[in-house]
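Please look through the sequence and the model below before reading on. The report that follows starts from a single residue and then widens to the whole protein.

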Amino acid sequence: MEKTFKFRLYPDKKQEIQLAKTFGCCRFVYNYYLNKRIEAYKENKQTINYYACSADLTNLKKQLLWLKEVDKFALQNALRDLDRAYSNFFREIKKGNKNQGFLKFKKKHNSKQSYRTTWSNNNIEVNGNKIKIPKLGWIKIAKSRDISGRILNCTITKTKSGKYFVSICCTDVVIDKYERTSKVIGIDLGIKRFATTSDGEVIENPKHLAKLEKRLTREHRKLSKKQKGSKNREKQRIKLARVYEKIANTRTDFLQKLSTRLIKENQIICLEDLSIANMVKNRNLAKSISDVSWDKFIRMLQYKALWHDRLIQKIDKFYASSQSCSACGYKNTEISNLSIREWECPQCHTIHDRDINAAINVLNEGLRLLNSTAGTVGLQACGDGGYEVCEAGNSNCEVRST
Ligand SMILES: [Zn+2]
């Protein structure tokens with residue numbers, strides 16, 4: 001199994017200079033070949049793939065000698081990233097995603113400063129509280145836990161507030177799997193509340209996050225008043241970047257803990273498939289922040305499900321989860337109004353909490369989809385709100401645990 005270990009990195013002055021050079025060269029290579037690919041297409045409808053770019057880079061290095069001063073794997077990976085960005089772009093276009101913008105050139109100040117290097121012949125090594133990185137030598141890390149498995153690559157990042165991090169991607173990591181459980185759950189993701197489960201659990205957004213978001217607005221305003229190019233503006237920029245990073249860290253921490261708990265407690269998790277196209281449409285700040293965390297949250301659930309043999313079942317986003325009565329199936333179109341938090345079903349008179357009802361519907365729809373996919377898993381509602389899972393995938397199985 002693959003797993004990434006992330007640590008804070010403490011380079012010395014000399015290493016910082018080398019890192020800055022590497023970030024710059026990677027950005028240069030990315031932009032140079034993006035431009036080359038655009039021109040080739042414009043001129044004679046030609047596509048230059050990764051291999052052609054890679055061969056060309058060897059020649060380019062003979063002309064631009066400063067490219068030789070940095071890690072060669074980092075430059076190769078910049079080309080791979082460009083190629084992947086191209087594939088993603090065409091895949092989204094094929095899917096009919098009209099919001100998909102074309103690839104952008106990387107700017108020095110507006111893009112994340114990072115590069116990825118690949119393991120080869122022990123060029124990356126971790127020993128005690130230090131990591132060896134090509135062209136940099138040994139650098140101190142804040143190692144909070146032991147890494148295991150075989151190193152594949154590592155990514156070095158510099159945040160906008162000036163901190164450095166290294167993410168070490170390892171394979172063949174032995175994961176201590178959670179015990180199998182028979183519990184299944186449906187999750188409704190929201191804006192005001194982060195999530196509501198079919199069990200009736202309401203998961204609120206972290207409390208101090210709202211405070212930080214207010215501070216963000218304040219620091220933004222302060223920055224706009226500082227004179228461009230002044231020392232005070234730079235100071236304020238770092239201050240603002242720190243607030244951004246604090247928000248991101250608080251969010252990530254919250255999402256990590258929540259996804260771990262949900263994976264530990266449940267064998268199957270059903271949730272709505274939130275498409276990216278849907279996300280770009282909304283320009284509201286609160287909404288965009290939650291969109292980003294939903295996306296992140298779902299990705300965390302997915303890789304943790306892989307680690308622990310759990311199943312994530314996504315349901316169609318057009319499935320009207322909040323409008324149907326989870327007790328009798330009656331469709332109440334008035335519920336499309338978001339301000340209705342509680343409602344009574346006109347048919348069976350069950351009183352519903354909007355989000356819990358939606359989560360139950362998500363669960364039922366997810367289980368229905370799973371049951372219709374022959375041979376995946378045998379599931380049956382057992383009448384008292386619980387569900388039974390047959391390990392052998394046979395819905396008529398006698399041996400069941402609830
Ligand atoms: Zn009903």
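## A residue at the surface and its setting

N121 is exposed, with a relative accessible area of 71%, where exposed means over 50% relative accessible area, buried under 20% and partly exposed in between, with a 1.4 Å probe and the protein chains only. N121 lies in the loop between β2 and β3 (125-127), and although N121 is not a glycine, its phi is positive, at about 50 degrees. K135, in the loop between β4 and β5, also is not a glycine and has a positive phi, of about 70 degrees.

The model is predicted, so local features need a pLDDT of at least 70 and side-chain atom pairs count only at pLDDT 80 or more, while totals for chains, interfaces and linings use all residues. Residues are numbered from 1 along each chain as its sequence is written, and side-chain values use heavy atoms, with hydrogens and water left out.

## The protein as a whole

The protein has eight helices and 16 strands, and buried residues make up 40% of its 402 residues. Its accessible surface comes to about 23400 Å², of which 50% belongs to carbon and sulfur atoms; such areas come from the Shrake-Rupley method with a 1.4 Å probe, and for residues only the protein chains shown count as cover. Among contacts (heavy atoms within 4.5 Å) between residues at least 6 apart in sequence, 63% join residues at least 24 apart.

How confident is the predictor? The average pLDDT, which is the predictor's confidence in each residue from 0 to 100, is 86 for the protein, and 88% of the residues score at least 70. Among the elements, β4 has the highest mean pLDDT (97), whereas strand β16 (residues 387-390) has the lowest (41). Over residues 374-402 the pLDDT is below 50, and this stretch has 48 contacts in the model beyond near neighbours in sequence. Where pLDDT is low, the predicted coordinates should not be read in detail.

## The zinc site

Which residues coordinate the zinc ion? The donors are the SG atoms of C325, C328, C345 and C348, at 2.2 to 2.4 Å, a donor being an N, O or S atom within 2.8 Å of the metal (3.2 Å for Na, K and Ca), with water not among the atoms, so that sites may look incomplete. Along the chain these donors follow the spacing C-x2-C-x16-C-x2-C. C325, in the loop between β12 (311-315) and β13 (342-344), and C348, in the loop between β13 and β14 (351-353), are 23 residues apart and link distant parts of the chain. C325 counts as buried, at 2% relative accessibility, whereas C348 is partly exposed, with a relative accessible area of 31%.

The angles among the four donor atoms are 105 to 112 degrees, and the site is tetrahedral, a label given to four donors if all angles lie between 85 and 135 degrees. The ideal angle for four tetrahedral donors is 109.5 degrees.

## The nonpolar cores

A nonpolar core is a set of buried Ala, Val, Leu, Ile, Met, Phe, Trp, Tyr and Cys residues joined through side-chain atoms within 4.5 Å. The largest one has 45 residues, of which L9, Y115, I131, I156 and V166 touch the most other members. Elements that each supply at least two residues of this core include β1 (3-10), α2 (50-63) and β7 (164-171), while α1 gives the most, with 10 residues. Apart from this core lies another, of 20 residues, among them L189, A195, I269 and I298.

| Residue | Relative accessible area | Residues touched |
|---|---|---|
| S322 | 17% | I335, W343, R354, N357 and A358 |
| F102 | 37% | L34, I38, Y86 and F89 |
| R145 | 38% | K3, T4, F5, K6 and F7 |

S322 is found in the loop between β12 and β13, F102 lies in the loop between α3 and β2 (113-118), and R145 is in the loop between β5 and β6. R145 and K6 are 139 residues apart in sequence, yet 9.5 Å apart in space, C-alpha to C-alpha.

Notes: Tetrahedral: all angles 85-135°; square planar, octahedral: opposite > 155°, others 65-115°. Helix = DSSP H or I, 4+ residues; strand = E, 2+ residues; numbered from the N terminus.
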